[in-house]
Amino acid sequence: MSVSARDVQRIGELARLHLEDDELERLTLDLNAILRHVDSLRDLGSTKQPEDSSQIGPKLTPVSHEHFEGPDKLHEMPEDFAPEWKEGFFIVPAPPGVNPSGDQ
Amino acid sequence: MSLQDEILSSSEVLDFRGSTLRSLDDIKELEDGPEGLNAFLAVAEPEDLEACGQGPLEGVMVALKDNICTKRLPTTCGSRILKGYRSPYEATAVQRLRQAGALIAGKTNLDEFGMGSSTENSAFGPTLNPVDRSLVPGGSSGGSAAAVAAGYVRMALGSDTGGSVRQPAAFCGVVGIKPTYGRISRYGLIAFASSLDQIGTIGATVLEASLLLEVVSGHDTRDSTSAEKPVPRYRDAAVQSIKGMVVGIPTEYFPEQLDPPVRALLDEACERLVAAGAEGRPVSLPHTEFAIPCYYVLATAEASSNLARYDGVRFGARLPAEGLDRMYELTRGKFGAEVKRRIMLGTYVLSSGYYDAYYGTAQRTRASIAHDFTTAFNEVDVLFTPTSPTPAFPLGERVLDPVAMYLSDVFTVTANLAGIPGLSVPIGTVGGLPLGGQLLGPWWGESHIIAAAGALEASYGEDT
């Protein structure tokens with residue numbers, strides 16, 4: 001795969017990097033050289049992968065889930081478990097010194 | 001009393017260190033003079049030397065790579081974006097050094113955020129190799145390796161994401177250890193690629209690098225990736241016999257393209273290991289050829305995420321601009337060329353449409369590389385390889401060719417991808433320049449590689 005100067009400009013925007021014109025030109029050349037090298041990874045597609053490709057290093061003891069309550073509350077809609085809920089917001093007590101009505 | 005005996009006997013340590021180490025004034029004078037190496041970005045003032053505990057490093061000055069957080073000295077990561085930044089907290093490894101009695105001599109130069117293999121990517125200028133000032137010291141922990149090789153300090157901490165402790169140690173003729181991932185707490189190590197980063201130790205000898213490793217290792221509740229495993233006395237391993245140890249020689253690490261003098265030194269080192277009582281055995285690590293592209297996809301992907309925090313709001317420099325987005329872009333424009341290159345590559349490989357082609361494939365490749373090592377370590381105790389294909393190269397030679405620079409790491413990145421420990425030990429010189437031999441071990445196999453390195457060092461020592 002290769003990238004154009006326009007692609008590089010767009011990547012710079014995604015990465016929030018300001019790039020001068022000369023940097024843009026240089027980065028386009030560099031990224032294409034690096035991507036040509038990185039593309040060799042595709043050659044690996046035909047070779048055999050280990051059975052458990054997620055495991056790097058020694059086997060870890062699985063975490064026991066027996067103490068966990070399920071399902072995760074965040075998988076439910078907030079209004080289903082919020083103590084108070086109005087128009088998309090949680091209703092909480094006002095902090096000390098703040099008048100909930102907004103009056104001075 | 002030999003150096004080894006003096007270090008092993010803690011009551012003798014202070015005298016030994018006091019008589020051989022340079023003072024802070026010496027370091028400043030040398031660094032500011034015409035023979036300066038730009039190894040240090042900051043040298044401690046006497047008032048910075050906090051009172052510390054009594055332990056095996058009592059009175060020893062240790063240098064720290066400038067991506068390890070200290071409260072009394074700035075932490076810049078070799079970047080304009082963190083120039084003058086002072087961390088509000090101290091790295092766990094630094095606290096452990098102080099508890100062991102060490103004094104922090106200063107902060108050493110590095111490639112910006114650890115991204116490089118020559119220390120030429122520092123915003124504060126390159127470090128020079130003390131063996132030959134026209135050459136790079138390696139990187140990214142080039143300042144730490146140069147400081148030890150020049151005799152400014154006997155020990156230093158670095159960090160190793162793809163070989164950044166081992167390769168500069170090899171280029172400068174000193175010893176560098178990257179331990180198993182999780183051996184040393186990363187709390188206070190500024191992140192480059194979190195699944196690959198590991199603090200490592202550099203010493204003038206195997207014993208000193210091992211003693212430093214022993215001091216800073218151990219579990220830390222503030223780093224969830226640090227392991228709850230006891231820390232062996234690595235200093236003892238440095239003088240252990242290797243009789244009966246099986247040393248694997250991976251064929252993929254000895255390509256035909258190696259220069260004959262380099263190959264000859266590597267063969268000689270293998271013979272010395274055998275002479276010390278080890279058994280040599282050829283092994284294969286078939287996915288080695290994919291290690292560099294795999295590493296540069298994963299490391300840059302993680303870097304693009306980790307470095308997103310430098311936005312002018314939370315850390316370091318801020319360039320004024322109209323509007324928040326413009327301020328982000330201008331501020332992050334202060335990154336150096338290599339950091340920008342890696343952030344761009346990392347952003348690209350993680351972007352929609354390319355994620356699986358690059359990042360997903362690289363993750364699967366990483367597992368294959370790790371699997372190769374697991375298979376090899378079923379047959380052998382350690383592996384012996386070159387640390388780098390060549391000795392130190394001239395300043396400026398590879399700055400404009402990122403792929404050539406990345407290929408400098410071809411023999412070291414695999415240890416980071418697999419999480420295993422690696423060590424570089426000097427094995428002679430080519431044209432007057434030091435060459436390093438690398439020992440790789442299974443997870444938590446630091447004692448094995450230290451023992452093999454100690455045997456090699458002793459063997460070369462017998463020649464002098």
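Three salt bridges cross the interface of chain A and chain B; a salt bridge is a side-chain nitrogen of Lys or Arg within 4 Å of a carboxyl oxygen of Asp or Glu. The model is predicted: local features need pLDDT of at least 70, side-chain atom pairs count only at pLDDT 80 or more, and totals for chains, interfaces and linings use all residues. Residues are numbered from 1 along each chain as its sequence is written, chains are lettered from A in the order in which they are written, and side-chain values use heavy atoms, without hydrogens and water.

**Salt bridges and polar contacts**
- Over all chains, the count comes to 22 salt bridges.
- R341(B) and D30(A) meet through their side chains in a salt bridge (2.6 Å, N to O).
- This pair joins two chains, because R341(B) lies in helix 12 of chain B and D30(A) in helix 2 of chain A.
- Helices are DSSP runs (H or I, at least four residues), numbered from the N terminus.
- D325(B) and R16(A) also form a salt bridge (3.6 Å, N to O).

**Side of chain A that touches chain B**
- Helix 1 (5-14) and helix 2 (21-38) of chain A each supply at least two residues to this side.
- Helix 2 of chain A gives the largest share, 10 residues.
- The side divides into 19 nonpolar, 9 polar and 7 charged residues.
- Ala, Val, Leu, Ile, Met, Phe, Trp, Tyr, Cys and Pro count as nonpolar, Asp, Glu, Lys and Arg as charged, and the others, Gly among them, as polar.

**Extent of the interface**
- The contact (heavy atoms within 4.5 Å) takes 35 residues from chain A and 42 residues from chain B.
- The two chains bury about 3,400 Å² between them, 75% of it on carbon and sulfur atoms.
- Buried area is the accessible area (1.4 Å probe) that two parts lose on being put together, summed over both.

**Helix 1 of chain A on helix 12 of chain B**
- These helices pack at an angle of about 95°, with their axes 9 Å apart.
- Axes are lines fitted to C-alpha atoms over the stretch in contact, and angles run from 0 to 180 degrees between N-to-C directions.
- Helix 1 of chain A is therefore roughly perpendicular (65 to 115 degrees) to helix 12 of chain B.
- V8(A), I11(A), G12(A) and L14(A) meet M344(B), T347(B) and Y348(B).

How values were computed:
Parallel < 35°, antiparallel > 145°, perpendicular 65-115°, else oblique.
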